[in-house]
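Please brief me on the fold below. Keep it short and group the points by topic.

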Amino acid sequence: LNGYGLRSKEYSLAICRIEPENNVHMILEAFGKSPNKKLVFIGNWQKSKYGQSLKARYSEYDNIKILPAIYDLRVLDVLRRNSMLYIHGHSAGGTNPSLVEAMFFGIPILAYDVVYNRETTENKAHYFQSVQDLIELLSQPLSVYTDNALEMLNIARNRYCWSCIAKQYESLY
């Protein structure tokens, strides 16, 4: 954490490919309008004009730390474990690995409100559909999300472990 100038439980974390369907712009705008909330956002900012323009615009914000893609799982695990919230903006696809991985760290999840994010989190995360929704969620005291963190961990352990998945496949045969 020291290498990034971060302190444990003082920042929210988002990790994704920097694409419009991951609502990167929405997350950055919400934090841009919430200057007392810190965000660490990890992604492939240089891969598109979309990412490059967002990086240029939001790099100037004191509360937003934009980091390039990180592929070292040890580093990612430290960043996840020490974050206070995980922000998940994906609006296309299905069960997303970055969401499931975050759930295993027992941190509260704020997810974009689509059916597969609700399904993955068993409707127990907190959801947003707009910048204003996310700002409102961010304005809540962290204590509001204590139960959510434990629920995310329990769901991950009960649904997304290899033994659970293997049993599901065995029952199909």
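**Asn148 and its surroundings**

Leaving aside neighbours within four places in sequence, Asn148 is in contact (heavy atoms within 4.5 Å) with Ile107, Pro108, Ile109, Lys124, Ala125 and His126. The model is predicted: local features need pLDDT of at least 70 and side-chain atom pairs count only at pLDDT 80 or more, while totals for chains, interfaces and linings use all residues. Residues are numbered from 1 along each chain as its sequence is written, and side-chain values use heavy atoms, with hydrogens and water left out.

**Helix α7**

- Asn148 lies in helix α7, residues 146–159. Helices (H or I, at least four residues) and strands (E, at least two) are DSSP runs, numbered from the N terminus.
- Asn148 is buried, at a relative accessible area of 2%. Buried means under 20% relative accessible area, exposed over 50%, and partly exposed in between (1.4 Å probe, protein chains only).
- Leu153 also lies in α7. Leu153 is buried, with a relative accessible area of 15%.
- Beyond four places in sequence, Leu153 is in contact with Met103, Phe104 and Gly106.
- From Leu153 to Pro108 the C-alpha to C-alpha distance is 9.1 Å, and the two are 45 residues apart in sequence.

**The sheet**

- An open sheet is formed by 6 strands, in the order β3-β2-β1-β4-β5-β6, with parallel pairing. Two strands pair if DSSP finds at least two bridges between them.
- At the edges are β3 (64–68) and β6 (126–128), each pairing on one side only.
- Neighbouring strands are turned by 20° against each other on average, direction ignored. Axes here are lines fitted to C-alpha atoms, for helices over the stretch in contact; angles run from 0 to 180 degrees between N-to-C directions.
- Strand β2 (residues 39–43) pairs with β3 over 5 bridges, in the parallel sense.
- Gly43 has Pro68 as its bridge partner in β3.

**Helix α6**

- Val131, Leu134, Ile135, Leu137 and Leu138 are the buried residues of α6 (residues 131–138).
- These residues fall within an arc of 160° seen down the axis of α6, so they line one face of the helix. The arc is that of the directions from the helix axis to the C-beta atoms.
- Their cover includes α1 (24–32), β4 (85–88), β5 (109–112) and β6.

**Rings**

- There are 3 aromatic pairs. Rings of Phe, Tyr and Trp (its six-membered ring) pair if their centres lie within 6.5 Å; planes under 30 degrees apart count as stacked, over 60 as edge-to-face and the rest as tilted.
- Phe41 and Trp45 form an edge-to-face pair, 5.2 Å centre to centre with 70° between the planes. Both Phe41 and Trp45 are buried.
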